[in-house]
Amino acid sequence: MKIDTNDMLNSILENLSKIDYIRPEEIPNIDLYMDQVTTFMDEHLSSAKRYEEDKVLTKTMINNYTKNHLLPPPVKKKYTREHVLMLIFIYYYKNILSIKDIETVLTPLKEKYFSGGRELDLVSVYDEVCRRGKEQIEPLKENIRETYEKAMEAFPDIPEGEDQEELRLFSFLCSLSLDVYLKKMIVEKILDQFSQAKKDT
């Protein structure tokens, strides 16, 4: 097995450069039925799917999110722009957090900004955090390249060849996985403290 890890890395970094977020103005300014919501999400988040056949969102998922209090119920079977924004947040969070943790993260948004009535609305909150997230892509690419270069120096005593390449690729994967694990742990610790503080008040 021969993998050109440098080409692989360049392809990954190029794909990271293309990552963007759904702009609030791209979301229809009219309320949508469930089928329209799933179609919109599939069209706009298709690049985030790992496999072509994966579904971004299904009716069952939406119903479960409502049942688990992650998403306010629709009004007369229709979903607002704010519903769509909440579903986008859920889509990204569900890959790393439990339903309970997602509820902890989103409850303040749902309670304070979902229905408006404040100077800052959910659209503004969403746009702010997404723009800041987009700004993290270039530093992330630099960090990934540095991690890769260090991994390609691992196992110097193994003779050059397939075994060394596999072990270096394994080292790269371990470094990336550790980073994800540690950040997930930090998020969970913050959420645990936030939940405890809410209980204490």
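Analyst: Arg 131 has a relative accessible area of 39% and is therefore partly exposed, a class that lies between buried (under 20% relative accessible area) and exposed (over 50%), with a 1.4 Å probe and protein chains only. The model is predicted: local features need pLDDT of at least 70, side-chain atom pairs count only at pLDDT 80 or more, and totals for chains, interfaces and linings use all residues. Residues are numbered from 1 along each chain as its sequence is written, and side-chain values use heavy atoms, leaving out hydrogens and water.

The partner of Arg 131 in a salt bridge is Asp 127, with the closest N and O atoms 3.5 Å apart; such a bridge requires a side-chain nitrogen of Lys or Arg within 4 Å of a carboxyl oxygen of Asp or Glu. Both residues belong to helix H6, four residues apart, or about one turn of the helix; helices are DSSP runs (H or I, at least four residues), numbered from the N terminus. Asp 127 is partly exposed, at 23% relative accessibility.

The structure holds nine salt bridges. In one of them, Asp 179 pairs with Lys 183, the closest N and O atoms being 3.2 Å apart. These two residues are four apart in helix H8, so about one helical turn separates them. In another, the side chains of Lys 184 and Glu 188 meet at 2.6 Å, N to O. Glu 188 and Lys 184 are also four residues apart in helix H8, about one helical turn. Returning to Arg 131, salt bridges with shared partners join Asp 127, Glu 128, Arg 131 and Arg 132 into one network.
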